[in-house]
Amino acid sequence: MAPLRFSANLSWLFPELSGFPARLRAAGSSGFEAAEIGWPYAEPPEALARAAREAGLRVVLINTPPGDREKGENGLGAVPGRQAAFREGLEQAVLYAKALGCSRIHLMAGRVPKGADRTTVRGEMEVVFLENLRHAAEVLAQENLVGLLEPINTRITDPRYFLDTPQQAAAILQKVGRPNLQLQMDLFHWQIMDGNLTGNVREFLPIVGHVQVAQVPGRGEPDSPGELNFSYLFQLLEDEGYTGFVGCEYQPRGDTAEGLSWLRSYWEMRGRPQAGQ
């Protein structure tokens, strides 16, 4: 059983530092071998790629653009009438992914339109999502890239998000039927929506292309107070043979580096040399 590999989500970690290049350097100095950036689009891709190389990091995940944040958009993949904008955003994401050497792109589904009833529009939104995902799979295949679908909980984080359970996401992936589209498993969201993490990890891990972690309900470090036993969950992922990256997508309770004691302990238990040793 190989030890898990962790990536620093720099949209969340090191908020005390301004700009992704500085956060990349900090992640490298903290011992990470990989990083992920939700929306890297405010900075030139070449500058980010250079900063990642200098920090000794692989960039392993980015998201498609969110759309118009001022209008409340949070992804466009399933949003009726926004198909052209989704495809434009996909092209931008592919450009960044190629420049960064990043093989995975989270294809954000987006939100149920304001004022609409989820049950009423679910069918229409799924049709739009399937159409966009088939297009995305073809575009990504040309560049040897993988697209990911992430369910986001609608109980706490985003009540209007369209894709909110692993079962819904897996059913959509089955309907699309493209091998380069996979599931993104954020244990924070999955615990809030469904619990049953042991069963769900075992059931869905064969189609999972990326994992993310945070404690529930506070979304802090894995060793912060909460519902989840990450010693058990990390062992479960190892036992089930997961070999992808585990993204640290949480809100640090204080200084990010000081809060990585849980990760240093994990590395020590697995016999990995610490940063600076």
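Predicted model: local features only at pLDDT ≥ 70, side-chain atom pairs only at ≥ 80, totals over all residues.
Local features need pLDDT of at least 70 and side-chain atom pairs pLDDT 80 or more, whereas totals for chains, interfaces and linings use all residues. Residues are numbered from 1 along each chain as its sequence is written, and side-chain values use heavy atoms, without hydrogens and water.

An unreviewed UniProt entry lists residues 25-265 as "domain: Xylose isomerase-like TIM barrel". UniProt positions follow the numbering used here, feature names are shortened, and annotations may be inferred rather than shown by experiment. Over this range the chain is 41% helix and 14% strand. Helices (H or I, at least four residues) and strands (E, at least two) are DSSP runs, numbered from the N terminus.

Helix α1 spans residues 20-29, and seven of its ten residues are buried (under 20% relative accessible area; exposed is over 50%, partly exposed in between; 1.4 Å probe, protein chains only). These buried residues pack against β1, β2 and α2. G31 follows α1 and has a positive phi, near 105°.

N63 lies in strand β3. N63 counts as buried because its relative accessibility is 13%. Its contacts (heavy atoms within 4.5 Å) beyond four places in sequence include W39, Y41 and H106.

Eleven salt bridges are found in the whole structure (a side-chain nitrogen of Lys or Arg within 4 Å of a carboxyl oxygen of Asp or Glu). R87 pairs with E131 at 3.5 Å. This pair links helices α3 and α4, 44 residues apart. K98 bridges to E143 at 3.6 Å. Here α3 is joined to the loop between α4 and β5.
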